[in-house]
Structure formats: structure tokens, C-alpha cells
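Me: I have a structure open here and would like to talk through a few of its features. Could you take my questions one at a time?

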Amino acid sequence: MARFDALPYNRPGHSGMNDWQIYRRLLRYVFPHWLMFSLSLVGYGIYAMGNVLLADLLQFLLDSLDDSVDVTSGIVSSVVYTLFDTEGLSRVEFARIAVPTAMVVLASTRASGFFMGNYCMSYVARVLIHTLRCELFDKMLVAPSSYYDAHNQGALISKITFNVEQVTGAVTKALKTVVREGLTVIALASYLLYLNWRLCLVFLAVIPVIALVVSYVGRHFRRYSRRIQSSMGNVTQVSGESVSGYKEIRLFGGQLQQKERFRSASQYNRLQNLKLAFVDGLSTPVIQTLLAFALATLVWFALSPDILEGFTAGSLVAFLTAATQLGKPIRQLSEVQSDIQRGLAAAEDIFAQLDLDEEIDLGQLSVQHARGDISIKGVSFAYPGNDRLVLNDVSLEIPAGTTVALVGRSGSRKTTLVQLLARFYQPATGSILLDGVPLDDYRLADLRAQLAMVSQNVALFHDTVYNNIAYGS
């Protein structure tokens with residue numbers, strides 16, 4: 001028999017990545033589905049051009065009422081007059097037919113592009129999320145024991161559920177909004193440049209200011225998002241412990257203690273969400289005010305005599321309509337910042353987990369049935385992240401077919417020695433041999449096939465009794 005002393009140990013953490021590394025890593029999951037992604041870009045491009053042409057349609061309508069201007073100066077009007085014969089019809093009579101028809105065609109085409117872009121982008125996004133979730137789960141199945149020592153159960157479950165869902169919001173809603181509204185901004189800005197580039201520069205001057213606001217707010221979003229993820233892990237942990245240990249809680253009268261723990265974890269989560277909501281709610285009116293100022297300046301310049309000389313009534317209305325339409329996509333692009341930062345913070349954590357090393361398995365020796373001779377020679381061990389030894393110079397000889405009891409108080413590292421036999425950890429010094437062969441020489445799967453362990457914490461899977469008994473390979 002051997003006796004061991006109980007010693008404490010610490011738990012390690014992990015590091016993060018910068019924004020560009022996260023963006024580039026996410027794009028790798030998109031590349032295999034480039035066709036659907038390209039189709040989504042085509043759809044959103046159609047949608048963006050539909051917004052532009054609907055504004056240009058107003059120029060066609062208003063210029064048709066004035067015989068002194070060139071009615072074909074607009075994009076829609078030039079196409080319509082090129083495709084159709086107007087002989088025998090006045091401008092107004094032709095516009096009476098062409099404008100309503102163009103409205104229906106443009107609206108239908110725009111709606112089709114919107115559907116195409118949304119569906120194809122959702123397809124890519126859901127595949128990305130499914131792949132991330134499966135990779136994270138697969139990684140957890142082969143992660144070293146130190147990984148589980150560093151995280152509580154609630155935090156690990158929260159990574160697969162809550163963190164992945166945060167990436168879902170960033171990839172589905174945010175990605176669709178960024179691509180759709182981004183193309184719309186580009187299309188409308190190009191149209192404004194086409195109509196009057198000098199006047200367009202007045203409106204575009206406010207864009208750098210908006211970018212600074214979005215950048216400043218984004219830093220706060222990321223910080224609060226990380227805190228929310230951490231607090232959700234605590235909420236999940238306390239909830240899981242309370243459900244699995246409800247008998248012990250009631251037996252020892254721990255209801256009040258668990259209530260306080262849960263309320264504390266939930267309260268911290270609530271405060272961080274409120275801070276995020278405050279920053280998100282404040283950024284939107286600031287950006288709207290900047291846009292209103294830009295539009296007001298634009299109208300002031302547009303109505304000056306020098307500028308008016310270069311406009312027809314139709315082109316002026318089309319210009320102001322397109323400029324007004326820019327407000328909505330720019331506002332949506334700024335509002336989606338919170339979803340993007342939450343997703344990036346979650347993706348940062350997920351990628352950090354995926355980059356962790358797997359269990360070390362350099363063994364080449366295969367074995368079907370070992371005799372069972374175990375030799376432990378001068379083994380010392382300290383848990384990862386702690387230099388203090390929990391096992392110190394332990395030696396044992398256990399011949400095959402014999403029964404050995406390790407006796408000691410709870411926490412005296414009896415289980416630790418068994419975990420070293422299963423190579424969940426590596427000894428700091430010394431060696432362990434099975435049938436005269438060091439454990440490191442065995443293939444990990446073959447070594448563990450020789451072992452069975454019934455711990456004081458029984459694990460039952462959500463399955464039948466038969467499948468629990470016959471569990472594994």
C-alpha cells in the first residue's frame with residue numbers, strides 16, 4: 001500500500017488573436033463555398049442597383065414633364081427610349097406607360113436579388129457555423145487533461161452553445177447586412193458621383209467621422225462581449241451544478257447559497273449586457289445626427305444658383321433621393337457593429353480552443369492483451385501551471401494478477417496516480433512501465449484499452465442502460 005499527501009494546484013489560461021487574424025480565419029471557412037457566396041454577391045448587387053434605378057426613375061418621370069430638357073439623360077430613361085418605339089406618343093403619354101412598368105420590373109428584380117443574396121449568404125453562414133461547432137466539439141474530445149483542468153464544465157458547454165451562437169449572429173445577420181448594405185452604399189455613392197461629383201464629396205466628407213465613431217464604439221463592444229461570454233459560462237456552471245446536485249443541496253440546506261451564487265452570476269451578466277446596450281444605443285443617434293447634418297449641408301449646397309445650373313428638376317430630385325437613401329444603409333452598417341464585435345470576441349475564443357495542442361501520442365507499440373505487470377519508478381508529478389509536487393518520488397511494483405489498494409484521505413492524489421497510468425498526464429520525473437515497456441512507447445488507444453476505471457463520480461450518458469454498459473469501442 002502507498003499513502004499520498006493532498007496538495008493544491010493552479011489552472012492555466014489561454015491567449016487571443018487580433019481582428020485581422022480572426023477575419024482571415026473565418027474567410028477560410030467561406031472559400032470552399034465560393035459559388036454560393038458569389039451568388040449572394042450577385043443577388044445583393046442586383047438589390048443595390050435596384051435602389052439606384054428606383055431613384056433614377058424619378059428623374060425619368062420629372063424630366064418627362066419638361067419639354068426643354070433632354071429626357072434621355074437618366075439611366076432608366078435612356079434604356080427605355082433605346083428599347084422601345086415612342087413614335088406617335090408624347091413624352092407624358094410614353095412616361096405614363098413606361099414609368100409604372102419600370103417600377104414593377106425594378107421592384108420585382110430588386111426583390112429577387114434580395115432573396116437570392118439572403119438565401120445564399122444564409123447557406124454559407126449556416127455551413128460555417130456547423131463546421132465551427134463540430135470542429136470545436138471534436139477538439140474537446142482530444143484535448144489534453146490540462147484543458148479540462150483550466151475550465152469548469154459550464155464554461156466548456158457555454159463555448160459550444162453560447163459562443164458559437166454569437167458567431168452565428170455575426171456571420172448570418174451581420175455578414176448579410178455588411179454585404180447587402182455595403183454594396184448599396186457603393187452603388188448609391190457611385191450614382192451620386194455620376195450625377196455631380198463635387199456635390200457628392202460634401203456628403204462623403206462625413207464618412208471618416210462616422211468611421212471614427214464606429215471604431216471607438218467597437219472597442220467597447222469587444223470588451224463587454226468578452227465579459228458577457230465569461231459570465232454566461234458562470235451562469236451555466238452554477239445551473240448545471242444545481243441540477244446535478246439537487247439532492248445534496250436540499251440535504252445540506254444549500255438552497256440559499258446556490259440562490260446567491262446564481263443571482264450574483266446572473267447580475268454580472270445583466271450589468272455587462274446593459275453596458276453593451278448603452279454603447280449600442282448611444283452610437284446610433286450620434287451617427288444619425290451626423291447623417292442629418294451631412295444631408296442638410298448637401299441640400300444647402302444643392303440649392304445654390306451655381307449648382308442648380310447643372311441640374312434638371314428630375315436630376316436634382318434623383319440626386320437628393322439617392323442621398324437620402326444612403327442614410328438607411330449607413331445606419332444599419334453602424335448598428336450591426338455590436339453583432340460583429342460579439343461574434344469576433346466569440347470567434348477569438350473558439351479559435352483559441354481550436355489551436356490548442358491535442359494529447360501527445362508518439363507511441364508506436366500496439367498490444368491486444370497486456371499481461372499486467374506494472375512498475376512505477378521514482379515518479380514525481382506536478383499539475384500543469386504549478387511547480388509544487390503532488391506526487392514525490394513514488395515507486396511501486398505491481399505484478400500481474402495481484403490486487404493493490406492505495407489508501408489515503410480524500411484529495412491525497414490516489415486518482416492522480418491512476419490518471420498517470422492512463423497517460424492523462426505525464427510524470428515530471430521517473431517512469432511507469434507496463435510489462436517492462438514504458439507507457440510512452442504504447443499507442444495511446446491500445447494502452448487505454450487495457451484499463452478500466454470506476455471513479456467516485458459516475459458518468460451516465462443520456463442513452464439506454466444497455467448502451468451505457470456497452471459504451472465505447
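Me: Which residues form a nonpolar patch on the surface?
Reply: Bearing in mind that this is a predicted model, the nonpolar surface patch is formed by W34, L35 and L39, which together have about 320 Å² of accessible area.

Me: And where is L35 placed?
Reply: L35 lies in helix α2, which covers residues 34-63.

Me: Switching to helices α12 and α13, how do their axes cross?
Reply: The axes of α12 (residues 313-325) and α13 (residues 327-335) come within 4 Å and cross at roughly 15°. Angles under 35 degrees count as roughly parallel, and therefore α12 and α13 are described as roughly parallel to each other.

Me: Which residues meet there?
Reply: From α12 there are A323, T324 and Q325, and these meet G327, K328 and P329 of α13.

Me: Where in the chain do D361 and R423 sit?
Reply: D361 is in the loop between α14 (337-354) and β1 (374-381), while R423 is in the loop between α15 (414-421) and β3 (429-434), so that the pair, 62 residues apart, links distant parts of the chain.

Definitions and conventions. Residues are numbered from 1 along each chain as its sequence is written. This is a predicted model: local features need pLDDT of at least 70, side-chain atom pairs count only at pLDDT 80 or more; totals for chains, interfaces and linings use all residues. Side-chain values use heavy atoms; hydrogens and water are left out. Patches are made of residues with over 30% relative accessible area and no salt bridge: like charges are joined within 9 Å, nonpolar side chains (Val, Leu, Ile, Met, Phe, Trp, Tyr) within 5 Å. Accessible areas come from the Shrake-Rupley method with a 1.4 Å probe; for residues, only the protein chains shown count as cover. A salt bridge is a side-chain nitrogen of Lys or Arg within 4 Å of a carboxyl oxygen of Asp or Glu. Helices (H or I, at least four residues) and strands (E, at least two) are DSSP runs, numbered from the N terminus. Axes are lines fitted to C-alpha atoms, for helices over the stretch in contact, and angles run from 0 to 180 degrees between N-to-C directions. Angles under 35 degrees count as roughly parallel, over 145 as roughly antiparallel, 65 to 115 as roughly perpendicular and the rest as oblique. Contact means heavy atoms within 4.5 Å.
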